[in-house]
Amino acid sequence: MARFKVLMFESMHEQGTKLLEEKCDLEYATSLEQEYLVEAIKDKDAVVIRANGAVTRRMIEAAPKLKVIGRHGVGVDAIDLVAAAARSIPVVNTPEANNVSVGEGFFALALALAKRIKHADAAVRAGDWAFRSRTRTISLSDKVLGIYGFGKIGQIIGRMGRAGFGMRIVYADAVPHEAAERELNATRLSPEELFRRADFISINLPLLPSTKKVVDARLINLMQPTAFLVNMARGPVWDEAHVYAALKEKRIAGAGTDVFDPEPPSKDNPLLSMETFLCTPHNSAHTEEGMINMSMVAADVLAVLEGRKPAYPVALPV
Ligand SMILES: NC(=O)c1ccc[n+]([C@@H]2O[C@H](COP(=O)([O-])OP(=O)(O)OC[C@H]3O[C@@H](n4cnc5c(N)ncnc54)[C@H](O)[C@@H]3O)[C@@H](O)[C@H]2O)c1
């Protein structure tokens with residue numbers, strides 16, 4: 001049987017790569033420029049895109065054999081879905097691949113902030129053993145965990161908080177999530193009430209026009225001075241300037257983030273000067289396990305190529 005030809009924008013974990021290589025010849029893009037890609041895709045049966053580059057209408061129209069577009073990851077904004085739909089080319093992605101890793105990323109930041117891990121480690125290295133007597137840290141157990149955006153990741157964080165630390169779960173969301181409420185004994189609150197009550201807040205909203213800077217001065221000013229705020233969603237969802245102001249004026253105990261606006265943050269971003277701020281470079285999803293899971297976009301690409309139903313088809317515009 002003839003082998004399929006696949007254009008890979010970037011390399012991915014060897015587990016997914018091996019799966020594809022069994023039945024496909026992989027060609028790795030040497031550039032993500034349009035002119036190059038329009039040529040490279042011409043004879044391909046499939047294309048796999050990661051976080052960089054785009055699959056445009058021009059590319060889709062230039063590829064008469066194209067049967068499937070795979071996205072290693074979740075967001076499909078870099079794929080022209082209208083053009084794909086016009087040719088009935090399925091788009092597949094890996095929506096569940098990273099959720100647990102992002103959930104763990106929240107607790108990594110929340111625990112490190114509450115336990116002052118960065119400062120404790122620096123103190124020991126500097127011979128400052130007295131740090132242990134001078135410094136009080138905070139426990140997560142029995143605290144109120146407020147989750148703003150109680151979707152897939154928000155609920156995983158709720159589950160981890162409740163099962164791991166006996167945290168009391170409250171959430172704010174545009175829609176009620178009744179099954180998760182029952183499972184986690186969670187209470188739905190208004191965003192205002194959540195910011196007033198929670199000891200730890202996890203932001204897990206999608207970035208939409210309606211969520212841009214939705215975590216603003218008004219909400220942050222409602223927080224308790226002992227509370228921590230962590231953004232695991234997207235940089236523009238919170239107002240960085242107000243997070244900085246709240247930290248500077250010690251109106252909240254600390255803040256953490258995996259995401260910035262823009263990314264990467266500029267070196268003089270004032271948040272980076274704050275002792276009570278902790279961050280990661282949008283890599284909470286980049287665990288070994290998450291990378292394996294994302295590379296399994298290979299299974300769905302193969303499914304479409306071999307005429308089977310993919311597990312994670314993206315809804316195409318009508
Ligand atoms: N840090 C990372 O590496 C990383 C990785 C994956 C996802 N994310 C981010 O996490 C977000 C959440 O992911 P998910 O899979 O849980 O999404 P999801 O769609 O399952 O959940 C989002 C929730 O937010 C709610 N919501 C939407 N708009 C709202 C609004 N205006 N007010 C209140 N609630 C609103 C929805 O009802 C839904 O319950 C993603 O959109 C993405 O931005 C970050």
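Which of the 23 residues around the ligand come nearest? Lys-152, Ile-153, Asp-173, His-177 and Asp-258 do. The model is predicted: local features need pLDDT of at least 70, side-chain atom pairs count only at pLDDT 80 or more, and totals for chains, interfaces and linings use all residues. Residues are numbered from 1 along each chain as its sequence is written, and side-chain values use heavy atoms, without hydrogens or water.

**View 1. The shell around the ligand.** Eleven residues of the shell are nonpolar, eight are polar and four are charged. A residue is near a molecule if one of its heavy atoms lies within 4 Å of it. Ala, Val, Leu, Ile, Met, Phe, Trp, Tyr, Cys and Pro count as nonpolar, Asp, Glu, Lys and Arg as charged, and the others, Gly among them, as polar.

View 2. Asp-173 places a polar side-chain atom 2.6 Å from a ligand oxygen. A polar backbone atom of Ile-153 is 2.8 Å from an oxygen atom of the ligand. For His-282, a polar side-chain atom lies 3.3 Å from a ligand oxygen. Alone, the ligand exposes 860 Å², and the protein buries 80% of that (Shrake-Rupley method, 1.4 Å probe).

**View 3. Asp-199 in its loop.** Asp-199 is found between helix 10 (191–197) and strand 9 (200–203). Helices (H or I, at least four residues) and strands (E, at least two) are DSSP runs, numbered from the N terminus. Asp-199 has a relative accessible area of 14%, so it is buried (under 20%, 1.4 Å probe, protein chains only). Its C-alpha atom is 9.8 Å from that of Asp-142, 57 residues apart along the chain.

Note on methods: Polar contact = N/O pair within 3.5 Å; in protein donor to acceptor, adjacent residues only side chain to side chain. Buried < 20%, exposed > 50% of the residue type's maximum accessible area, 1.4 Å probe, protein only.
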